[in-house]
Structure formats: structure tokens, C-alpha cells
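Subject: Structure handover

Hello,

Here is the structure I said I would pass on. My notes on what was found in it follow below.

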Amino acid sequence: MAKARAIIKRLKAVRNVRKITRTMELVATARFKKAMDRAVEAAAYTRKISEIVADLSQTLSGDGSSFSHPLLEQRETEKKSVLLVITSNRGLCGGYNGGVLRLAQGRIREARAGQLELNVEVSGKRGIGYFKFQKIPTAASYTHFEDKPTFEQVDELGSRFIDSFVRGEIDRLDVAFTQFESMSRQKAVVQTLLPIGKLQDGGSTAGRPKVEYEFLPSPKEILEEIVPASFKARLFKCFLDAAVSEQIARMVAMKSATENADGMIRSIRAQYNRARQSQITSELSEIIGGAAALE
């Protein structure tokens, strides 16, 4: 009887865990749909602003004009760079954080091997805890970027990076995050956002009709506004990609946990049935033995 009671107690515990994982799966699914809509919209905006920048730069090149912007300047030597690592504030999302942190570690080792000064900035409690455990110093940490990062939050961060790059305080900005490609494909990457590089790299003009622009004010003044905006849009997209990838990873992890709980419930039920059958058989044997003793 004691064994059957222990099995029932374990069965109740597994059922309670299943309820939690199933609820978290549903919550992650709802958040994923909203985050994916924002990521898709941001991707369209980033792609379009890159196309505009490419068209304007081609127009300037065709006119024989030369345009330079501090964010486009390639430094001859890199003395100081920044690595921004985007992780989650919460766990239970499978290997989502692990892939990003492994790439970040590789970038840190690369900087140390080249004797470059690298400042690590971390977004997310999981990444903060990881670097603290590894005893890797961080220059800044952020915990306010949840699953719905706003452009105002990223704009403040992006403006600081732009100011530091223009003043020559940093020569390079890398971002380690999980890039969202589709529902079934997300991959951890390290992208270099500063310097931006060639203007034409922002968007491909192949296969698109040439667009004629009338400029007011001049093309240079317009590009001086668009280039920083393009950088901030790319940085914002990094946070949006990370947010939707986190929800997908959590949704998959919780679905797997729910399925495992279902399998455990079936197994425990079978154990309980065997234990109950053994108990009934034992009780029947005792009754038959007692009746035989009375005859």
C-alpha cells in the first residue's frame, strides 16, 4: 500500500509540472507571434532604408561627388572595440543563450590573442550571470530589454555608440545575438555594426529599377541623417531578432518538456497499475490462505 501511495504522489507532482510547462508553452507561443510581427516589420524597414542609402550613394557617385561620414570610416588600426552580447532575462529556453555566449567567448579570445582592448556589454540577466561566473569584467549591463524592446530604448543605446565612435573612443562595435531567419531556423551570430562600411553594402541594387531622386536639401545632408538612422535600425533589428528567437526557443523547450511529462505520466500509471495489481493479488492470497486455515 505504501508503494502505491508513493507512486500516486509522484504522479500528482508530474501532472503539476506538466500544467506549468504547458502554460509556459502557450504563453511563449502568444508572445512569439507578436514578436515575429515586429521583427518582420523591422526587417522590411531596415531593408528599405538600406536601399535608399544605396540609391543615394550611387547618385552621388554618378555626379562625381565624394561623401564621407564618420560612421563609414574604416580605422587603420583597431585599438579599442566593444562587444554587445544580447541574452535573455529568463531561462527555460533550451540552448538559446548557450549559442550566443559561445560565440561571445570566441570573440573575446580573438581580441585577447590580438592584444586588443575589448569592452564587453551584456543585455540580459543570463548573460550577466554567465560573465560574472566566468570572472570576465563587463563595462555595462542592461536588464530592461524584455521580449518587447522599444525603439526609444535602443535609440538611447545607439546614440551612445555613435558618439563614442565619432569621438574615436571605440574603433569597432560587434553584436552577438540570435538572428531570426524563419520559424524553423535561428542561428547565433556576431555582426559588426560599426563601422558601417560601404554604403552600397546596405542593400543590393541588382534587379531593381534605377530611381531618380529630387533632393531637398542636398544629398549629403540627407545622407548625414540617414546613415545614423540606418545604424540604429540595424541595432534595433538585432534586439527584435533576439526577442523572437528567445520565444521560439522557449516554446520548443516547453513543448518538449510537456511531451516528456506525458511520457512520464504514462509510465507512472503503468507502474501504479502493476503495484495495485500486485497488492490485490497479495490480499487475495492472504484471504484464501486464511480461509484454508479455518477449514
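Predicted model: local features only at pLDDT ≥ 70, side-chain atom pairs only at ≥ 80, totals over all residues.

**Helix 2 and its surroundings**

Helix 2 itself covers residues 96–113, and its 18 residues reach 27 Å from the first C-alpha to the last, close to the 26 Å expected at 1.5 Å a residue. Its buried residues include Tyr-96, Leu-101, Arg-107 and Ile-108.

Arg-107 also forms a salt bridge with Glu-110, at 3.6 Å from N to O. The two are 3 residues apart in helix 2, which means about one helical turn separates them. Arg-107 is buried at 5% relative accessibility, whereas Glu-110 is partly exposed at 47%. Both belong to a network of salt bridges that also links Glu-78, Arg-172 and Asp-174.

**Other salt bridges**

The structure has 16 salt bridges. One of them joins Lys-232 and Asp-155 at 2.9 Å, N to O. Lys-232 is in helix 5 and Asp-155 in helix 4, so this pair ties together parts 77 residues apart in sequence. Another pairs Glu-181 with Arg-185 at 2.5 Å, N to O; Glu-181 is partly exposed at 35% relative accessible area, and so is Arg-185 at 45%.

**Cysteines and surface**

How many disulfides does a search of the whole structure find? The search gives 0. Cys-93 is buried, with a relative accessible area of 2%, and Cys-238 is buried with 2%.

On the surface, Ile-280, Leu-284, Ile-287 and Ile-288 make up a nonpolar patch with about 390 Å² of accessible area together. Ile-287 lies in helix 5 and is exposed, at 56% relative accessible area.

Regards

Key
Residues numbered from 1 in each chain as written. Heavy atoms only, no water. Patch = residues over 30% accessible without salt bridge, like charges linked within 9 Å, V, L, I, M, F, W, Y side chains within 5 Å. Areas by Shrake-Rupley, 256 points an atom, 1.4 Å probe, with all protein chains shown as cover. Salt bridge = Lys/Arg side-chain N within 4 Å of Asp/Glu carboxyl O. Helix = DSSP H or I, 4+ residues; strand = E, 2+ residues; numbered from the N terminus. Buried < 20%, exposed > 50% of the residue type's maximum accessible area, 1.4 Å probe, protein only. Disulfide = S-S within 2.5 Å. Expected span 1.5 Å × (residues − 1).
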